[in-house]
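Q: Hi! I'm new to this one, could you walk me through it?
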Amino acid sequence: MFIDRALITIKAGDGGNGITSFIHYKGKVSGGPDGGDGGKGGDVIFVADKTLTSLADYYYKTKYVAGNGENGGPKDCFGKSGEDIVLRVPLGTVIKDKETGGIIADMFTDGQKKVVLVGGDGGKGNAKFANSRRHAPHFSQTGEKTEAKKVTLELKTIADVGLVGFPNVGKSTVLSKITRARPKIANYHFTTLSPNLGVADYYDNQFLVADIPGLIEGASEGAGLGTEFLRHIERTRMLVHVIDVSGVEGRDPYDDYLKINAELKNYSPELAKRKQIIAANKLDIYGAEENFKEFKKKIGRKHKIIEISAVTGKGLDTLKQAIYDVLVKLPPVKPLEFEEFNYVKPERLSYEIFKEGETFVVVGTLVEVLKRNVVLDDMNSLAYFHKVLRDRGIIAELRKMGATDKSTVIIGGEEFEFVD
Ligand SMILES: Nc1nc2c(ncn2[C@@H]2O[C@H](COP(=O)(O)OP(=O)(O)OP(=O)(O)O)[C@@H](O)[C@H]2O)c(=O)[nH]1
Ligand SMILES: [Mg+2]
């Protein structure tokens, strides 16, 4: 099964806790603080890998969690950082945030790297909180906790050339002859069930060719294999429209031409406007020449037509040359243009105060950070807590909102009495 979409859950590692510890000297009661910092949590990193062709791995395994940072230790030992998790995806994978639909990255070039989630910071050990006035801090900081996120992965193949046409017209045969790709070829419709990619050499140049399953009338509305695969040629620079001009299947080649183009247009007007050359195939079959003459007349000067037989190889060099001549005049395929969506760690210093009846409630990321840093039953810690409230203007703000000495204030879920 070809899988070109996946929904996965990713989570960066939590930061390890800093610890509270004191140096123990033999004979002495207690020395200075020596609690080490916790380690940083691992990141979730995506890397584009040209050797991959599908997102199958992510269809079967849907949860990816980076390693947590270890807690700090006594004797100023840092906790070990958590291990990053590296997720390899095929070129052309678009990563989106499930919740907002925001595009996080278009994994466009081989080796491209994107850190999608950053691991939590390690908490500071009590050694870090010692200063000239505070010799023995009895508190340390817990590690930053991270949140799991859901992201969608969607593969939008990147190629120079897209092969389009009815089923059985010889698209895969063309691919197999002009590139080293070995797609399945057989004399029935819908032999190709998923896109195939191949690299064609043309003297010192190379171009990437994508072969998709055959299209039929109504494809853009879901008939046959439908639009499911049209998006794999959206990111091509030009199309080669393969037409079976032998008429062995009883269809009229010009009618085929019109129908396929109508489907392309219905799917995406932009795709329909893409530069197209026609590969008139199966010219080795008896009677094809006659058909071809008619067809050629009807096409007129609308497109360049290359006469080929994918089976005998006739005209394939000319086809490659024609493709190359078009490609050199076209700009390279560009990554999607989008406003990058990034998961941002909560802005640390924001807070909000609102009134619930007579009670004041303080919420926000500043409060969350404070909660991590403060041990309320420790005097020093509590003093630090007050200092931050004052320094950050929370006390002033509360007063402005009408808090008096008897008012109740809830900060981070804890109830306090307002003391000015
Ligand atoms: N005589 C002749 N037969 C050809 C030629 N090109 C392809 N064929 C045959 O046509 C049949 C279909 O070829 P494929 O390459 O599988 O066709 P396709 O367009 O990829 O078909 P789908 O994957 O089903 O869309 C096979 O039996 C091929 O051998 C040609 O130039 N001449
Ligand atoms: Mg095929």
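What follows is a short chat about this predicted model.

Q: How many helices and strands are there in the chain?
A: The chain has nine helices and 18 strands.

Q: And what does the chain span along its principal axes?
A: The C-alpha trace spans about 105 × 55 × 35 Å. The radius of gyration of the chain is 32 Å, whereas a compact globule of 420 residues would be near 22 Å.

Q: What share of the residues is buried?
A: Buried residues account for 40% of the 420 in the chain.

Q: Okay, new topic: which residues are closest to ligand 1?
A: The closest are Gly-170, Ser-172, Asn-187, Thr-192 and Gly-214, out of 24 residues that surround ligand 1.

Q: Which element gives the largest share of that shell?
A: That would be helix 2, residues 171–178, with three residues.

Q: How do the shell residues divide into nonpolar, polar and charged?
A: Around ligand 1 there are twelve polar residues, nine nonpolar and three charged.

Q: Let's switch to strand 1. Does it pair with strand 8 in the parallel or antiparallel sense?
A: Antiparallel: strand 1 (residues 5–11) and strand 8 (residues 148–155) share seven bridges. One of the pairs puts Ile-8 with Val-151 of strand 8.

Q: And how many bridges join strand 1 to strand 3?
A: Three, and those two strands run parallel. Here Ile-10 is opposite Tyr-64 of strand 3.

Q: Last one: which residues of helix 7 are buried?
A: In helix 7 (residues 365–373), they are Leu-366, Val-367, Leu-370 and Arg-372. Their cover includes strand 16, helix 8 and strand 17.

Notes. Residues numbered from 1 in each chain as written. Chains lettered and ligands numbered in written order. Predicted model: local features only at pLDDT ≥ 70, side-chain atom pairs only at ≥ 80, totals over all residues. Near = placed C-beta within 6 Å. Helix = DSSP H or I, 4+ residues; strand = E, 2+ residues; numbered from the N terminus. Nonpolar A, V, L, I, M, F, W, Y, C, P; charged D, E, K, R; others polar. Buried ≥ 20, exposed ≤ 12 C-beta atoms within 10 Å, placed from the backbone. Contact = placed C-beta atoms within 7 Å. Pairing = 2+ DSSP bridges. Rg over C-alpha atoms; globule rule 2.2 N^0.38 Å.
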